[in-house]
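Q: I have a structure here that is new to me. Could you take me through some of its features?

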Amino acid sequence: MAQPDGKKIFFENLSGAGKAIAVLTSGGDAQGMNAAVRAVVRMGLYVGAKVYFIHEGYQGMVDGGENIKEATWESVSSMLQVGGTVIGSARCKEFRSHEGRLKAAHNLVQHGITNLCVIGGDGSLTGANLFREEWSGLLGELAEQGLIDADAVQKYSALHIVGMVGSIDNDFCGTDMTIGTDSALHRIIEVVDAIMTTAQSHQRTFVLEVMGRHCGYLALVSALACGADWVLIPEMPPEDGWEDKMCEKLSATRSRGTRLNIIIVAEGAIDRHGKPITSGIVKDLVVKCLGFDTRVTILGHVQRGGTPSAFDRILASRMGVEAVLALLETTANTPACVVSLCGNQSVRLPLMECVQMTQEVQRAMDGKRFEEAVKLRGRSFENNLKTYKLLAHRKPESELPVSNFNVAVLNVGAPAAGMNAAVRSAVRVGISEGHKMFAVSDGFEGFYKGQIKEIKWADVGGWTGQGGSLLGTKRTLPAKHIDKIAEQMRMHNINALLIVGGFEGFLSLLELLTARGKYDEFCVPMVMVPATVSNNVPGSDLSIGADTALNAITTTCDRIKQSASGTKRRVFIIETMGGYCGYLASVGGLAAGADAAYIYEEPFDIRDLQANVEHLTEKMKTSIQRGLVLRNENCNENYTTDFIYQLYSEEGRGVFDSRKNVLGHMQQGGAPSPFDRNFGTKISAKAMQWISKKLLETFRHDEGRVFANTEESCCLLGMRRRALVFQPVVQLKDETDFVHRIPKEQWWLKLRPLMKILAKYKTTFDVSDSGQLEHVVRNRPKESDASVAI
């Protein structure tokens, strides 16, 4: 297919010829590790390096022999969707000793390996750094013992190390997300959603214990994602007397008609005096004080298992490619680094700086400096904690500020998973700020018909896990009924608007902005948060609902591919949604291990289709049995899904057969993913706080009304690279292709070469945007906004 010009052609600048790279997984396993291993192997082979598996982690490095094997392209096929680590992981006491590391060095030198990619936690990465520091001394010892010659000492004089953090706990400082965390959250939320139905039937309280001996991330974020009544984490133990406060909260929730309570406890939860708070203690407390029927569920290793989520596959694939780039660019003086994402940007951070800060968190907790521990975890963690407290704990009416402002919230466009979480967040933050909140049913269609009513705190209870749009949503734009909408704004004295929606929401804001010239009713603060599976809203790299759709695509592709196991060679043609936006096809293709993804943004012709068929034919002659091709629904009006299916069927005759599948609206349905629940919750809370600020700024005391008519008072809140940014909608017009309803520039197009490289295509690769070595900064500016929502 036609390629965007890379700023650097990969082969000309970075060659791995003559280099040997080894990849190992160490410590606890995490979903997504296999995707990282696959990416390292294929990228390494792509650049001409030799790549080796080290089986069983450091134990395999010490033992050598059959544990160190050369990897081939085919040896990492069909492992993308497998949980755990297929090359094994083991904790190794021997590697902690000097003698063990000497054996490991000898085994590496025998294979000519001087580049190590280590996937593990902080202990594994610290061990790798020590190994690197000792390397020259170890080679000297091996030469003295006559195990290697002087030439080998000189040839293999430097060991280069790059780390990727694989840990479900997300306990490594300096990175937004570690490989496996999102998948673990999926496991937890699946269990919570299932438990909620049985708890509601019997009016029960459930105490869930999740992993996190030293880090409360999983407990905190799952509590935020399911709207738990109480959460206990090691970084922020509850104040003395928490027992009575918790029971009061549970009792108050039940008195408002709720039939269940959910309490989430991290396995390392403690009180202010360092005494453990176990799930059993919490259960006994609830039974004793309230007499509620209470059950305990300990999730245990379920959280480590299962298929990796789309997020973890993409994260691990990007990091695996970035790790190989880092190894190719490293010199003898480059410090060992760890690769990760900040927002949607690749970053490289000095490994030991991250390790030291991670250890500082534990020292702060041991010293009972809990506020400091929360801050050291990073702004993302701190922001999660603040948002949870804001939404879960309702202040008494007497303590609420009185603003006398009325704020309306509505959904516009097609439904997207996570919309309800966003509405819940907006309503509760608005009430906490003293506003009266109004819900508009059925978008602007309901608005002009007067379907507007006040919505209270308890009305949005349990909304986070609900798919679709509980308020109702329509694609109707306001211009057609602008006079009636203005009349409803006046009747209900609406002082601000929050729209949760897709491209129609963006168009609606532009129409309301234009209408300000004629109707003063629209001279109020207005903000939109993007929510659409298509991820086609200008001004934002991500939209609420897109992650859930990606997971639906990825899971379905896994099942479709599995359906062909044991049969003859087969290629599947899958059609995805997205309008003219190729996000779902491209990123879904990367997550599912597709061979090609046809999209509108990257034009293709019959020659490209023919080249793809020939490429698949060549692959099918090896041990690879299945092919996967994704097609965006509007990528080309002539090359339809049927056409491509028939072309592949004809041209592949005798080598493979073809099947087609149109995924359709299943991509829009289902319960929202943990990512979308939290992204919706946090972005909407931020939008509501912006509205409160604008209301105070634009209130005219002499007239007793709000009057906001500047461009800055009509904004879209979107994620841009590493930060959440409020952008006046009028300024986004130049960035928008209104005919095809997509932004003119889209960041994810840079991921397409990764998909092609991992599918064995020769392609150009732009490395100008690859991660540069940065330093770990405590509470990086706006890191809370850039945490990719989780």
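A: The answers below concern a predicted model, and they turn to helix packing, a sheet and salt bridges.

Q: Let's start with helices α2 and α11. At what angle do they pack?

A: Helix α2 (residues 33-46) and helix α11 (residues 310-329) pack at about 35 degrees, and their axes are 7 Å apart. The crossing of α2 and α11 is right-handed.

Q: Which residues meet there?

A: From α2 come Ala35, Ala36, Ala39, Val40, Met43 and Gly44; from α11 come Arg313, Ala316, Ser317, Gly320, Val321, Val324 and Leu325. This contact of α2 with α11 comprises nine nonpolar residues, three polar and one charged.

Q: Changing topic: what is the strand order in the open sheet of four strands?

A: The order is β7-β8-β6-β9, and the pairing is parallel. The edges are formed by β7 (230-232) and β9 (294-298), each of which pairs on one side only. On average, neighbouring strands of this sheet are turned by 15 degrees against each other, direction ignored.

Q: How many bridges join β7 to β8?

A: Three bridges join β7 to strand β8 (residues 261-266), and the two run parallel. Trp230 stands opposite Ile263 in β8.

Q: And which helix packs on the sheet?

A: Helix α7 (residues 181-202) does, touching β6 (205-210), β8 and β9. The direction of α7 makes about 165 degrees with that of β6.

Q: Now salt bridges. How many does the structure hold?

A: The structure holds 35 salt bridges. One of them is formed by Lys760 and Glu74, whose closest N and O atoms are 3.9 Å apart. This pair links distant parts of the chain, 686 residues apart: Lys760 is in the segment after α24 (752-758), and Glu74 is in the loop between β3 (68-70) and α4 (98-110).

Q: What about Asp520 and Arg705?

A: Their side chains meet in a salt bridge at 3.7 Å, N to O. Asp520 lies in the loop between α18 (503-515) and β17 (526-530) and Arg705 in strand β23 (residues 705-706), so the pair ties together parts 185 residues apart in sequence. A network of salt bridges links Asp520, Arg700, Glu703 and Arg705.

Q: Is Lys694 buried or exposed?

A: Lys694 is buried, because its relative accessible area is 14%, whereas Glu697 counts as partly exposed at 49%.

How values were computed: Residues are numbered from 1 along each chain as its sequence is written. This is a predicted model: local features need pLDDT of at least 70, side-chain atom pairs count only at pLDDT 80 or more; totals for chains, interfaces and linings use all residues. Side-chain values use heavy atoms; hydrogens and water are left out. Axes are lines fitted to C-alpha atoms, for helices over the stretch in contact, and angles run from 0 to 180 degrees between N-to-C directions. A crossing is left-handed if the near helix is turned anticlockwise from the far one by less than a right angle, and right-handed if clockwise. Contact means heavy atoms within 4.5 Å. Ala, Val, Leu, Ile, Met, Phe, Trp, Tyr, Cys and Pro count as nonpolar, Asp, Glu, Lys and Arg as charged, and the others, Gly among them, as polar. Two strands pair if DSSP finds at least two bridges between them. A salt bridge is a side-chain nitrogen of Lys or Arg within 4 Å of a carboxyl oxygen of Asp or Glu. Buried means under 20% relative accessible area, exposed over 50%, partly exposed in between (1.4 Å probe, protein chains only).
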